[in-house]
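The structure is shown below, and the account then begins with a single residue.

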Amino acid sequence: MTCPAHRPRLRRLWRLPTVRVVGAAGPASVLLAAVLFPWPWASAAVLVAGAAGIAGYLHRNWGRVAVERRLLRALRDSAPRCPGDTEVPTLTAPVQVECGGDGVTRITARTYHDAIRALGYAMGRDRGFQLDLVRRTGGGRLSEVWGRTALPVDTVYRRLGLDTAARVAAEQLAEPERELLTAFADGVNAAYAHDTPFECSFLSYRPQPWRVEDSVLTSLVLSHSLSWNEDAKRAEAVVRRALPAPVAEFLLPGGSAAGPPPGLARHRAEQVTDDLLALDSAIPGSNCWIAPGDDGPLLANDLHLALGVPNVLYEVDLAWPGTRLRGLASPGLPVVLAGTNGRIAWGVTNLTADVLDLVPAEEQDLRTRTEEIRIRGRRPVTVDVTTVGTMPVAPDALSGEKVAVRWAGHDPRAADLRFQRLAHACDVDEAVSVLDDAHGVALNVLVTDRNRLRHVATGLLPRRPAGSPRGEPADGHLTGKERPRIVEPADGVLVSANDGALPEDEFRIGLDLDPGHRARRIREVLGTAERHDAAGMRALQHDVTAALYLPYRDLAVSALRRGDPVRALLAEWDGTASTGSRAFGVLVRLRDILARRVLAPYVAVCREHEASFRFPFRDYDRPVLAILGARDPALLPAGTSDVDSFVADCVRAALPARPQKWGRLNRVGFRHPLTALAPWADGLLGIRPRAQAGTLHTVRTAVPGFGAAGRVVVTVDDLVTAELPAGQSGHPLSRHYADRHAGWASPVPLRPRARRTGCRHALRPLESR
């Protein structure tokens with residue numbers, strides 16, 4: 001029987017082009033023919049013309065129509081329904097499962113490992129293709145099912161060697177993590193045996209069984225997305241080689257804010273290209289904070305990642321005797337990244353750690369092997385993979401020299417997954433002990449019990465003594481006790497927003513840290529009250545105050561003449577990145593233009609050392625504003641006689657014919673991976689772009705393709721609110737495919753809907769036959 005919460009939403013099929021055309025033309029022809037019924041010849045002519053038009057459309061688009069039929073068949077055959085009682089091998093006892101009105105699978109088991117088996121089953125059912133896509137991407141095997149369009153991605157990942165690193169790391173897992181991943185794999189494989197994901201049916205293949213090493217590989221793909229900073233390390237090396245030390249220190253992250261170094265103007269180029277700066281790259285990050293509430297500490301965490309459908313995060317609700325574990329996990333990993341177990345609450349942000357070194361690759365140390373990449377519908381191609389030991393050799397030389405990449409992720413300890421033991425911690429002391437013992441991806445972890453709180457750096461962190469020359473390779477890795485931390489802050493507040501919150505007095509940890517605008521705004525709001533509530537925490541997650549742009553507003557207002565309507569527009573700006581602001585779009589464009597005109601000439605010389613050089617760092621406002629603040633026309637492009645005139649000219653360049661509201665410029669939509677192969681299906685598979693408040697440097701981060709992939713507010717006892725940009729299910733006909741988007745997109749809490757009857761069933765041990 002199909003439960004209401006699992007009844008297929010067939011009306012979504014209307015978004016397919018052929019369904020829409022035929023579905024509109026057919027009834028329209030019949031209706032018009034009925035109107036003309038008194039004139040039979042006219043009525044018949046209308047029906048014939050309508051049928052001919054539909055036939056002509058189908059004939060002209062026969063190729064796409066055939067693919068649409070295949071997609072429709074795949075969707076129909078896998079339409080979501082309540083599965084009923086299902087057998088899952090290796091379960092030791094029945095597990096009760098309920099899919100609630102929000103799409104979250106609530107699991108009640110008699111043991112922890114049975115709960116994890118059930119979680120594997122739920123993830124495999126809801127996100128089976130997403131799991132397979134991640135492991136194929138990490139292993140460089142996407143072209144096997146995707147075709148030649150995936151060949152560039154496969155080539156990159158084959159050269160990275162994540163598949164080999166995952167196999168080695170899986171062999172060295174400690175027993176608790178091996179048991180965990182084995183139980184999870186059992187559940188995923190039960191889901192694969194029960195149903196084939198619609199994407200796999202559409203692409204005509206069945207996913208291979210899930211293995212322990214596939215979860216390890218998934219963790220390495222996540223680690224790569226968070227910590228692979230080769231571009232920044234290359235750019236830093238080139239800047240230091242091309243420019244004198246004082247100039248390089250001024251331009252690079254962490255430089256002095258005192259002002260431009262003497263003689264800076266001598267290093268300004270007259271001719272520059274438009275692509276010298278890579279401005280505002282979306283670097284995975286997050287906001288997390290802990291603040292005192294009326295009934296104990298509150299923790300808020302929004303995880304900033306690439307946006308798409310299905311969500312890159314999955315809400316987890318597991319219960320076994322003595323514990324209820326709730327929070328957000330990454331599909332393919334039975335590990336809660338942010339949540340609560342009823343005794344402690346924790347959240348994470350990207351540490352933005354310096355975990356990669358570029359080391360000279362001596363010719364005699366190079367080893368090259370040839371790997372074959374199979375391509376769907378075509379002959380295989382080969383790719384040469386060159387390494388020095390376990391280190392991949394970069395395909396592009398650095399200033400003419402071959403370099404190998406020493407990345408923490410290639411160390412087997414980088415995927416030890418001991419972070420998962422937080423699920424069993426009873427208090428802050430146990431949690432910190434777990435984190436000190438864990439390696440894995442480099443993260444800030446904020447953790448609290450009812451009385452204490454900590455901010456701890458965890459992960460495999462290279463040992464870089466404070467004050468050691470930048471660019472010098474690390475000497476080993478920090479032990480858990482050596483990693484920086486903050487213990488019991490006096491005000492009872494902890495904040496992490498990818499900034500330099502942790503002390504680096506003894507060891508240098510970060511690379512290109514966030515300039516700190518989000519963190520300062522969070523602290524400012526939290527400082528206005530001694531106690532907070534969940535509603536206030538959610539409101540802060542949606543805060544769009546854009547303090548970064550205030551100096552640019554002030555520069556523009558000072559430079560423009562009184563009576564200028566643009567001056568009035570900017571002077572009246574309310575300081576936010578709200579959808580209705582017309583001034584904010586102008587300021588965003590002004591900041592971009594000023595950076596390119598002011599900063600690019602000073603790094604243009606780097607192109608002489610590296611043909612592909614681009615300045616990728618986030619902390620570029622500091623040198624730009626320092627140069628403008630010096631009020632010296634000699635530091636600005638040739639021909640500049642007055643700083644205000646230069647700024648006014650940049651404002652005019654930033655001004656469109658009619659300033660548009662920020663919501664029209666910042667439209668955020670979500671695409672399904674399949675639309676890369678079938679763009680005509682975007683209406684069915686994706687979520688159309690909508691106006692969104694916020695930007696990269698506001699607490700509410702939302703720009704096209706990037707933003708808060710999940711937001712939670714938790715107490716030690718329970719998860720209070722959870723927001724996802726789409727839904728729990730990965731099936732477009734499920735009511736839970738995009739049902740949570742409205743709540744995620746709205747800064748105002750939506751009125752909760754009446755709870756629907758959920759699908760209740762049991763997972764049972766495999767009966768002997």
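## An exposed lysine and its partner

K481 has a relative accessible area of 71% and therefore counts as exposed; the term exposed applies over 50% relative accessible area, buried applies under 20%, and partly exposed covers what lies in between, with a 1.4 Å probe and protein chains only. The side chain of K481 forms a salt bridge with that of D436, with N and O 3.9 Å apart. A salt bridge here is a side-chain nitrogen of Lys or Arg within 4 Å of a carboxyl oxygen of Asp or Glu. K481 belongs to the loop between β16 (453-458) and β17 (485-487), while D436 is part of helix α13 (residues 428-437), so the pair ties together parts 45 residues apart in sequence.

Helices (H or I, at least four residues) and strands (E, at least two) are DSSP runs, numbered from the N terminus.

## Basis of the model

This is a predicted model, in which local features need pLDDT of at least 70 and side-chain atom pairs count only at pLDDT 80 or more, whereas totals for chains, interfaces and linings use all residues. Residues are numbered from 1 along each chain as its sequence is written, and side-chain values use heavy atoms, with hydrogens and water left out.

## Further salt bridges

Side chains of opposite charge can pair when their charged atoms come close. In this structure the count comes to 64 salt bridges. One of them joins D357 and K233, with an N to O distance of 3.8 Å. D357 lies in strand β10 (residues 356-360) and K233 in helix α11 (residues 230-242), so this pair ties together parts 124 residues apart in sequence. Both D357 and K233 are buried.

Another salt bridge connects D275 with R607, whose closest N and O atoms are 3.2 Å apart. This pair links distant parts of the chain, 332 residues apart: D275 is in the loop between α12 (245-251) and β4 (285-293), and R607 is in the loop between α19 (600-603) and α20 (621-629). D275 is partly exposed at 37% relative accessible area, and R607 is likewise partly exposed, at 22%.

## The disulfide and other cysteines

How many disulfides does a search of the whole structure find? The search finds one, a disulfide being a pair of cysteine sulfur atoms within 2.5 Å. It joins C82 to C759, with an S to S distance of 1.9 Å. The two cysteines are 677 residues apart and link distant parts of the chain: C82 is in the loop between α3 (62-77) and β1 (86-88), and C759 is in strand β24 (residues 759-765). The torsion about their S-S bond is about 75°, so the disulfide is right-handed.

C82 is buried at 15% relative accessibility, and C759 is buried at 1%. Two further cysteines also count as buried: C288 at 0% relative accessibility and C650 at 0%.

## A positive surface patch

R11, R15, R658, K661, R664, R667, R688 and R690 form a positive surface patch. Patches are made of residues with over 30% relative accessible area and no salt bridge, with like charges joined within 9 Å and nonpolar side chains (Val, Leu, Ile, Met, Phe, Trp, Tyr) within 5 Å. Lys and Arg count as positive and Asp and Glu as negative, while His and the chain ends are not counted. The place of a charge is NZ of Lys, CZ of Arg, CG of Asp or CD of Glu.

One member of the patch, R688, lies in strand β20 (residues 687-691). R688 is exposed, with a relative accessible area of 55%.

Key:
Accessible areas come from the Shrake-Rupley method with a 1.4 Å probe; for residues, only the protein chains shown count as cover.
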